[in-house]
Amino acid sequence: MKTVKSEHLNALCDLILLVFSKKALKRVVLSKPDALDEIKSVITPKEISGKSALQKETFSRDNKAYHFNLRENFESELLELVSGYSQINVITTAGDAQYMRARSGKESILGVGKIKSNLENGSHETVTAEKNNKKKSYILSGDEDFLKKLGVSDENGRVRDKMQSKFRQINKFIEHIESIRDKLPSESINIYDLCCGKSYLSFAVYHYFKNVLKMDVNMICVDLKKDVIEYCSETSARLGFDGMELVCADINAYEMKLKPHLVISLHACDIATDIVLNKASQNGADVILSTPCCHHELNHTLNCKTLDFVARHSMLRQKMCDALTDSLRLMKLESEGYSVLALELIDPEDTPKNILLRAIKKKNPNPEECQKLKEEYEKTYSFLLGR
Ligand SMILES: C[S@@+](CC[C@H](N)C(=O)[O-])C[C@H]1O[C@@H](n2cnc3c(N)ncnc32)[C@H](O)[C@@H]1O
């Protein structure tokens, strides 16, 4: 076994073992590997044959995932498992810690103290380790014809390196759709993808409903970019994706001709996400799934003395405005009769734009409650704008 000499890595391993023993460990994400054939690895707590274990899942550039289980000798073997990465994030229910190794070799580690103090206070939730026999099944394998035609994977069905992140995003997005299937019709469905861009997600969602679930699908994808819409229309015709229509239009002016069951949107820029959400809600969509992109509007208009202590730090101001914007969006949808949730689309390491706003139309929303929420929304907005 290799001997790894790093004070910081040793401290990180001690932390991992501590949070693991307290059942507070969610996962350890090992990024920027030294090994060229690896994309990243993730260590998660598992239950294997009734015993607590750690499992390292390594994602390689040949689109495979390799597993290594650590069932004993945790102290001696963990150090080797986490060495060889320039960034390691330890995600726990008591807070997060980050290890960094600069090009110069200089190491740093942040967040350990906070986690330890939260553990001491007992202010953390318990994580239930997943049983190891739970098989991870991705809905798309990479071998699908449409993914090859779109250039996401090569002729052998191997996802191209530069498309790995997009591939994971669309797979995850479909997993989120799968989790709310019971809120959607089971035979014939109308879906809108607003701000579809190159429509990777639209093709994947169409494929999922049409070819996997064998449903009748009307899929309408709208974007401003004429050339992209033309290209996607041709691709859709070549694939024989009947019922898929690509429309070149500004979503602001676009009128939905079918009642939307599902409205999806991935990374619609800035206020385009607000237009998507408004359009979907006004047309009574049953389910809205939207991953916002950049947020600028509130960052420019924020005028709130109470929040000045955050807003004066530009990095934190942006993060706060992102969170406030998404929370306001959810509040508005809630006031319009939706049950709402903010979820994580994918690992933050894949894209920082990984919040998924989920809204499901309530069967009988309470009008008084909605009115109260509407007033609360307007009051909060005015408060943030200093009105
Ligand atoms: C970052 S891209 C995302 C594209 C695609 N959903 C994806 O994830 O690959 C944002 C897209 O939103 C489109 N867009 C922005 N504002 C729009 C509007 N008002 N109407 C229609 N499309 C809009 C842009 O043309 C662009 O293609």
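Reader: Which classes of residue make up the shell around the ligand?

Author: There are 8 nonpolar, 2 polar and 4 charged residues in that shell. Ala, Val, Leu, Ile, Met, Phe, Trp, Tyr, Cys and Pro count as nonpolar, Asp, Glu, Lys and Arg as charged, and the others, Gly among them, as polar. Keep in mind that this is a predicted model, where local features need pLDDT of at least 70, side-chain atom pairs count only at pLDDT 80 or more, and totals for chains, interfaces and linings use all residues. Residues are numbered from 1 along each chain as its sequence is written, and side-chain values use heavy atoms, leaving out hydrogens and water.

Reader: How many residues surround the ligand, and which are the closest?

Author: The count is 14, and the closest are Cys195, Asp223, Asp250, Ile251 and Leu266. A residue gets on the list if one of its heavy atoms lies within 4 Å of the molecule.

Reader: Why is Ser335 called buried?

Author: Buried means under 20% relative accessible area, exposed over 50%, and partly exposed in between (1.4 Å probe, protein chains only). Ser335 has 11%, so buried is the word for it. Ser335 belongs to helix α11, and a polar atom of its side chain is 2.6 Å from the backbone oxygen of Lys332. Not counting residues up to four places away in sequence, Ser335 touches Cys370, Leu373 and Lys374, where touching means heavy atoms within 4.5 Å.

Reader: What makes α11 a helix, and is Gln318 in it buried, exposed or partly exposed?

Author: Helices (H or I, at least four residues) and strands (E, at least two) are DSSP runs, numbered from the N terminus. Helix α11 covers residues 314–335 and includes Gln318. Gln318 comes out at 24%, so it's partly exposed. With residues up to four places away left out, Gln318 touches His295 and Asn299.

Reader: Why is Leu224 called exposed?

Author: Its relative accessible area is 58%, so Leu224 gets that label. You'll find Leu224 in the loop between β10 and α7 (226–239). Beyond its neighbours within four places in sequence, Leu224 contacts Cys248, Ala249 and Asp250.

Reader: What makes the phi of His267 and of Lys214 worth a remark?

Author: His267 is not a glycine, yet its phi is positive, about 60 degrees. Lys214, also a residue other than glycine, has a positive phi near 55 degrees. His267 is in strand β12 and has 18% relative accessible area, so it's buried. Lys214 lies in the loop between α6 and β10 (216–223), and at 66% it's exposed.

Reader: How do you know that helix α8 is mostly covered?

Author: Of its 11 residues (272–282), 8 are buried. Those are Ala272, Thr273, Ile275, Val276, Leu277, Lys279, Ala280 and Ser281. They pack against β9 (188–194), β12 (262–268), β13 (287–292), α11, β14 (338–344) and β15 (355–361).

Reader: What makes a set of residues a nonpolar core?

Author: It has to be buried Ala, Val, Leu, Ile, Met, Phe, Trp, Tyr and Cys residues joined through side-chain atoms within 4.5 Å. The largest has 46 residues, with Ile177, Phe209 and Leu262 touching the most other members. Helix α6 (residues 200–212) gives the most to this core, 8 residues. Apart from it lies another core of 29 residues, including Cys13, Leu15, Leu78 and Tyr85.

Definitions and conventions
Polar contact = N/O pair within 3.5 Å; in protein donor to acceptor, adjacent residues only side chain to side chain.
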